[in-house]
Amino acid sequence: MKDKKDQISAKEAWALNKKAIAYWWNIDRRIFISTAACNIIKAISPYITIYFSAQLIGEIAGQHRPQELVRIAAIVLIATAIMGLISAALQRWKNAVHESIFYINRKQQLDKMLSMDFCDTDDMDVQNLLRHIQEGDNWSGWGTTRVSGKIFSDVITAVTKIIGAVALSVTLFTSQVPQGNMDFLNSPWMVVLILGIMMATAIISPMLQVKGERYFTEGCADEVKRSNRIFCCYGHMAIDDKSRSEDVRMYTQEVFCIEKSNANAWAGKDSKISRYARGPMGFLLGLAVAVSRIFTGVAYLFVCLKAWAGAFGVGYVTQDISAITSLSSGVSLLLSTWGMIRTNAIYLKDTFAFFELPNKMYQGSLTVEKRSDRNYQVEFRNVSFQYPGSQQWALRNVSMKFTIGERLAVVGQNGSGKTTMIKLLCRLYDPAEGEILLNGINIRKYNYKEYMSIFSVVFQDFQLLSLPLGQNVAAAGQYDNGWARQCLEEAGFGPRLATMPQGLETCLFKDFDNKGVAVSGGEAQKIAIARALYKNAPFIVLDEPTAALDPIAEAEIYAKFNTLIQDRTAVYISHRLSSCRFCDRIAVFHEGSVVQFGTHEELLADKNGQYNQLWNAQAQYYVS
Ligand code: ADP
């Protein structure tokens, strides 16, 4: 347990927590303003009551003048009511501001995932980093949430408590006992002794507490994170209506959910945390409370002795005891917060490592020429590529040129590199060797957003969102109704659109709307094609665009392929070789290389070629 925490020095822990304060301050400074206002009022409220209560008791025990008693009682009541109201209002404000912290954190993580180099998004180390951050946050708000929610709050409370307590307890040390047997209480050494005991207990008690809590925060961290992960996976299986719930019922997979949930009882009777609680953790936490109570006992003794010896009236007994115990608890809180700052640094280190991941891909600045004649030319020149962490070449020495307005079909067996070629074309990754050129210029030199604007891509694993159909097609909240409808019709979705009562406003899926429609795989594919058409980019890339379509819908798409593509340059990846016939040229991929390039007739004529083999492999079932 020790080693993990000791990896981060006190200085580094402090710097990381300060960085987290700056992180939240830049996002929403009301987080700190509301916390400070609320905690200061809450921390000083008891002192006001204590002060006036002491006056009241003093008056009762002393002169007991009725008018004075009524005056002080009225002040106590009014002050308590006003402070109660103010602190309740501030608490509401603080709660409202803090409510969104979880979502803000998730949004920041999402923004980072979207802005980092694509190759990093599926890197195992990056995924693990993000998982670790989210698990710490889900578990007990560790990380940046801990700073905004607890650490800052506790520091403000502790400091206010200490200042208030010092102000109120001055009389305890300055009031003198009359000459006699008890005048040793006036000695400055008495003050040193009391403050010494207070400091010792204020240090020892939180130290024991932090040590005890480490059995939970560090000793059980792996169990809790694993438990969270299991819950997120198995706990949602039966309610995840889109992907898993059908399988759960069909194969009675709830058995696994129950088994996993039972095995997941990380806080059960025989679990590690229970053993810790019965053993060292319970002992240390109990001892922490006991030590702080020892100080309370000493404080009572000192104050009562001074009052008994005549240093002050009985009214001050409550005031001084409350003040000095508050002083001790304020110092304890400050010290235990320091322990929390140290533990939290472990999570903050990962958080900032994630947020500060550098973008390594070259960011060009050239603008892409907007050509009304759509005269763009793309060339792959000796391109080779390996996925991060892989030793295998996904592409090896690929060279080819797409001429304007050309329909290029890309075929090949699974894993031959077709999709990888598209990913490189869209600059999701940079080639390891060679270069890709747009109109003779390396695509790395273009501004990325501008470069992407000339491509429409329908990936194999495209995703539609739980939004109205029109917004899905336009990929925007506001859209051109007529154009969206036309694109859907061109993609073959027209008849289905006609059956939708709310037309383009029909919500897809039921996540946010009970009237939402569930579309079939084929219908979803048509919507994805319509989305690519709506963008109206000069290049259109279709990766297996008809895989989920029935034969009639597929034939329909082929029949109007030319109308669909118009004057765009099209790259068409397909397993069905019959669909490549309407393309001008065909690139045959095999084990990451382009092994053949030409028209359908040319490639078929090569009896020993890969294309001929693939063609015949598919054709034989239809012929026989
Ligand atoms: P195709 O589209 O022709 O089916 P891909 O381009 O998807 O083939 O894959 C080419 C090769 O790259 C395959 O060997 C595949 O396993 C590998 N590959 C694809 N994606 C990744 C990835 N994200 N990480 C590592 N290897 C990958």
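Helices here are DSSP runs of H or I, at least four residues long, numbered from the N terminus. On that basis, Ser292 sits in helix α14, which spans residues 280-308. The model is a predicted one, so everything that follows is read off computed coordinates.

Zooming out, the protein has 25 helices and 10 strands. As for overall dimensions, the C-alpha atoms fill a box of roughly 120 × 55 × 50 Å along the principal axes. The radius of gyration comes out at 36 Å, whereas a compact globule of 624 residues would be near 25 Å. Buried residues account for 46% of the 624 residues. On the contact side, take the pairs of residues at least 6 apart in sequence: 75% of those contacts join residues at least 24 apart.

Then there is the empty space. Rolling a water-sized probe over the atoms shows where such space is left. The count of cavities of 30 Å³ or more comes to two, and the largest cavity has a volume of about 50 Å³. Its lining is made up of Tyr23, Asn105, Gln109, Ile133, Asp137, Trp142, Gly143, Thr144, Thr351 and Phe355. Three elements, α5 (101-115), α7 (124-140) and α15 (315-355), each give two or more residues to that lining. Sorted by class, the lining of the largest cavity holds four nonpolar residues, five polar ones and one charged one.

The largest pocket is another matter, with about 1,000 Å³ of space in it. Its lining runs to 29 residues, and Phe118, Leu428, Tyr448, Met452 and Phe459 are the ones that lie nearest the centre. The elements giving two or more residues to the pocket lining are α5, α6 (118-121), α17 (448-452), β6 (455-458) and α21 (521-535). Helix α5 therefore turns up in both lists, since each list takes in elements that give two or more residues to the lining, with elements being DSSP runs. By class, the pocket lining divides into 19 nonpolar, five polar and five charged residues. Tyr448 and Met452, two of the residues nearest the pocket centre, are also the end residues of α17 (448-452).

Definitions and conventions
Residues are numbered from 1 along each chain as its sequence is written. This is a predicted model: local features need pLDDT of at least 70, side-chain atom pairs count only at pLDDT 80 or more; totals for chains, interfaces and linings use all residues. Side-chain values use heavy atoms; hydrogens and water are left out. On a 1 Å grid over the protein atoms alone, a cavity is a set of points where a 1.4 Å probe fits but cannot get out, and a pocket is an open set with protein on both sides within 12 Å along at least five of seven lines; lining residues have an atom within 4 Å of a point. Grid points are joined across faces, edges and corners, and a volume is the space filled by probe spheres set on the points. Ala, Val, Leu, Ile, Met, Phe, Trp, Tyr, Cys and Pro count as nonpolar, Asp, Glu, Lys and Arg as charged, and the others, Gly among them, as polar. The radius of gyration is taken over C-alpha atoms; the globule rule is 2.2 Å times the number of residues to the power 0.38. Buried means under 20% relative accessible area, exposed over 50%, partly exposed in between (1.4 Å probe, protein chains only). Contact means heavy atoms within 4.5 Å.
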